[in-house]
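Open the model in your viewer and switch to a cartoon view.

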Amino acid sequence: MALEARPLLWLALWTLAVPARSFGKDADGGWRRPGPGAPAAVTEEEHCTVERRADLSYADYAFSRPVILQGLTDNSRFRDLCTRQRLLASFGDSVVRLSTANTYSYQKVDLPFEKYVEQMLHPQDPISMGNGAGSGVPFHWHGPGFSEVIYGRKRWFLYPPEKTPEFHPNKTTLAWLRDTYPALTPSARPLECTIQAGEVLYFPDRWWHATLNLDTSVFISTFLGTEVVAAASAQPTSAPLSGPGGG
């Protein structure tokens with residue numbers, strides 16, 4: 001039976017069975033579920049190399065490097081609206097769009113949000129592209145923007161526009177972290193940091209970036225440019241589907 005035509009709900013939502021930063025009794029919003037644990041590679045970096053700032057003003061806005069912004073707003077009301085229970089109650093019948101979570105998007109499928117949450121959020125291994133533990137988006141670039149984590153943690157890897165990273169556009173970020181990252185020299189490594197719940201990452205125009213979700217994660221990204229262009233060196237090939245996301 002065809003799905004009823006409904007407005008698309010765009011929500012970046014991923015799950016992993018590992019502890020999240022504490023925000024009280026409802027720290028994970030109900031998104032962490034019992035089941036297999038995360039792959040061993042799904043951890044925070046040894047040293048965050050992205051600056052954290054809590055005192056930026058409009059005069060500081062023209063920064064050309066990524067920066068993590070802290071204490072910008074009180075998003076407690078929005079957090080309350082993004083718990084598993086409340087989102088399913090409000091949008092369970094709404095339609096979300098799944099696309100291939102790699103440098104290129106080859107295919108898109110629409111399905112009810114409740115089906116995505118109940119049936120498709122599960123850990124993934126480094127080979128398959130999908131939803132759940134270890135999910136994320138491989139290296140790509142576009143215009144500048146902000147990414148705020150509402151629940152969970154999201155690890156970012158960033159290179160400036162002139163420094164193209166070594167990666168395969170149809171392999172997962174988790175596979176890149178396992179196979180390529182350990183062999184990189186210190187000068188070849190990206191800027192990297194794990195964005196905690198309540199923090200906002202600003203990424204400049206055309207900076208390469210890849211993401212890896214470390215916990216049950218709900219996040220929202222705001223893009224400042226009107227034109228979005230992705231660049232990679234390999235030719236597109238087919239790839240499995242994954243859930244909504246981005247970075």
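In which sense do β7 and strand β10 pair, and over how many bridges? Select residues 208-213 for β10 and look at its pairing with β7: the sense is antiparallel, and there are six bridges. Keep in mind throughout that this is a predicted model.

**Stop 1: the sheet**

Show the three strands together. They make an open sheet in the order β8-β7-β10, with antiparallel pairing. β8 and β10 are the edge strands, and each of them pairs on one side only. Look along the sheet next. On average, neighbouring strands are turned by 20° against each other, direction ignored. What holds such strands together? Strands of a sheet pair through backbone hydrogen bonds, either parallel or antiparallel.

**Stop 2: across the strands**

On one side, its bridge partner in β8 is Cys193. In β10, Trp156 stands opposite Thr211. Move to Lys154. Its bridge partner in β8 is Ile195.

**Stop 3: the two faces of β7**

Select residues 153-159, the whole of β7, and show the side chains. How many of the seven residues of this strand are buried? Seven of the seven are, and the strand is mostly covered. In a regular strand the side chains alternate between the two faces of the sheet. Colour one side of β7: Arg153, Arg155, Phe157 and Tyr159.

**Stop 4**

Trace the chain between the two residues. Glu44 sits in the loop between β1 (12-14) and β2 (51-53), while Arg153 is in strand β7. The pair links distant parts of the chain, 109 residues apart. Glu44 has 33% relative accessibility, so Glu44 counts as partly exposed. Glu44, Arg153 and Asp215 are linked in a network of salt bridges.

**Stop 4: two further pairs**

Select Glu199 and Arg52. This pair also forms a salt bridge between side chains, at 2.8 Å from N to O. Glu199 lies in the loop between β8 and β9 (200-203), and Arg52 lies in strand β2, so the pair ties together parts that are 147 residues apart in sequence. Glu199 is buried, with a relative accessible area of 3%. Arg52 is partly exposed, at 32% relative accessibility.

Next, select Asp110 and Arg97. Their side chains meet in a salt bridge of 2.9 Å, N to O. Asp110 belongs to strand β5 (residues 108-112) and Arg97 to strand β4 (residues 95-99), so this pair ties together parts that are 13 residues apart in sequence. Asp110 is partly exposed, with a relative accessible area of 33%. Arg97 is partly exposed as well, at 26% relative accessibility.

**Last look**

Key
Residues are numbered from 1 along each chain as its sequence is written. This is a predicted model: local features need pLDDT of at least 70, side-chain atom pairs count only at pLDDT 80 or more; totals for chains, interfaces and linings use all residues. Side-chain values use heavy atoms; hydrogens and water are left out. Buried means under 20% relative accessible area, exposed over 50%, partly exposed in between (1.4 Å probe, protein chains only). Helices (H or I, at least four residues) and strands (E, at least two) are DSSP runs, numbered from the N terminus. Two strands pair if DSSP finds at least two bridges between them. Axes are lines fitted to C-alpha atoms, for helices over the stretch in contact, and angles run from 0 to 180 degrees between N-to-C directions. A salt bridge is a side-chain nitrogen of Lys or Arg within 4 Å of a carboxyl oxygen of Asp or Glu.
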